[in-house]
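Dear colleague,

Please find the structure below, handed over for your reading. My notes on the strands follow it.

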Amino acid sequence: MSPLHIHLDAVGGVAGDMFVAALCAAFPELRAGLLAALQRAGLPPEVQCWFAEHADQALTGLRFLVHDPQEDAQQRAHVRGRRHPHHERSFADIRAALLASALEPEVKQRAVGIFTLLAEVEGEIHGVPADRVSFHELGGNDSIADIVGAAHLIAAFPGATWSVSALPLGRGRVQTAHGMLPVPSPAAARLLQGFDFVDDGVEGERVTPTGAAILRHLGAEPGAKRGATRAPRRLIGTGHGFGAKTFPALSNVLRALIFEEQPAQGADHKVALIAFEVDDQSPEDLAIALDHLRAHPGVLDVLQIPAFGKKGRMLTHLQILAEPAAAEDVFEACFNETTTLGLRWQVLERRVLARRQRTVQLAGRSVRVKLAERPDARTAKAESDDLLALSGGRVVREQARRAAEDEGLRAGDEEGSKDHG
């Protein structure tokens, strides 16, 4: 089977239960195995987990439901104004329970990795080490079921790549054990730095901390980078995962779009080369302009070269590679973003190597690795942005880069063996 690419369309938002429901709606055959995994996760026997068909005013899909009698009793007591000890569990206890469970090793690793991301940001926010973080809402059995379920599903798609749409910002406040907090919550906001957001005007919490941690663990490409991969993909399935909340005139749904990546072959392609010089734009403004050009969906790459022009003036020579079909749009962007009065362009032939991207796990973090098929060997290159959060200096980053690239090559070799087996 060709590698899969899974795109998450955050129509209503992203939460743990919505992620589980969306994937299981797209792949019904995974439901039984997921429920069996939850039984091995060490949840109390009275906790019940199941799937239910769901429909709103526009769409049909699936909900993932968890019933915990003890937590329901606490909620009812809270509504009635009675004092009741809040459910609380430390990260260290949750991690120890997951590691001691009968879950598959990769599912354990991914579940602990997601909880680790949550513990790290909670520790930063409250000024305590991650191991001493106590979870309130996130320590409940429903959250554990969501995260273990997500880990089980992620492990079910080895070699898959993931992307996510622009995320809904939400508005207002959310009630937590720490009191009323702004939306998105501080934990979700820290986890989603670098992701694209859109304010659709709908009130409420739209991306929960659990949903944010899952996206960060996946290494899902943020919305602005969706156009970066132009390899052909075939849509083979969809799934709608509903959340518990309802919004006026909007489905509270996470949509999963399942694509089958078509094998990339080394081939000849055409590319537009656009060139011009700039000598009267400030370096600060030119840097912003070039960032905007790089983000243009029709632009493949931007190269800037310092040079000397007429009258000995220092200038910047710019070369832009673009999709030929998007050349007119890129011309317009060049004129809007820079002070140039003219540009030169031509369509060139180019040859590209077959390439693909794999996401590997490194110390509980997801690192994207690009594999290239060269005439005599396969090579790997780790995505430097995924190594930014590592502390310890250049040597640590270099060791992590090599480890990620070695793991990417190993995964590519195993996949090749299965394809020819």
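Which residue in E12 is the bridge partner of glycine 241? The bridge partner there is leucine 254.

Before the details, a word on the basis of these notes. This is a predicted model, in which local features need pLDDT of at least 70 and side-chain atom pairs count only at pLDDT 80 or more, while totals for chains, interfaces and linings use all residues. Residues are numbered from 1 along each chain as its sequence is written, and side-chain values use heavy atoms, with hydrogens and water left out.

Strands (E, at least two residues) are DSSP runs numbered from the N terminus, and two of them pair if DSSP finds at least two bridges between them.

As to burial, a residue counts as buried under 20% relative accessible area (1.4 Å probe, protein chains only). Strand E1 (residues 4-9) is largely enclosed by the rest of the structure, because six of its six residues are buried. Both of its faces are covered: Leu4, Ile6 and Leu8 are buried on one side, and His5, His7 and Asp9 are buried on the other. E12 is mostly covered as well, with eight of its nine residues buried.

The sheet E17-E18-E19

Strands of a sheet pair through backbone hydrogen bonds, in either a parallel or an antiparallel manner. An open sheet of three strands, in the order E17-E18-E19, has antiparallel pairing. Strand E17 (354-362) and strand E19 (378-382) are at its edges with a single partner strand each, so one side of each is left without a neighbour in the sheet. From one strand to the next, the twist averages 30 degrees, where axes are lines fitted to C-alpha atoms and angles run from 0 to 180 degrees between N-to-C directions.

E17 and strand E18 (residues 365-373) run antiparallel and are joined by nine bridges. In this pairing, leucine 362 stands opposite arginine 365 in E18.

With kind regards

Methods. Buried < 20%, exposed > 50% of the residue type's maximum accessible area, 1.4 Å probe, protein only. Helix = DSSP H or I, 4+ residues; strand = E, 2+ residues; numbered from the N terminus.
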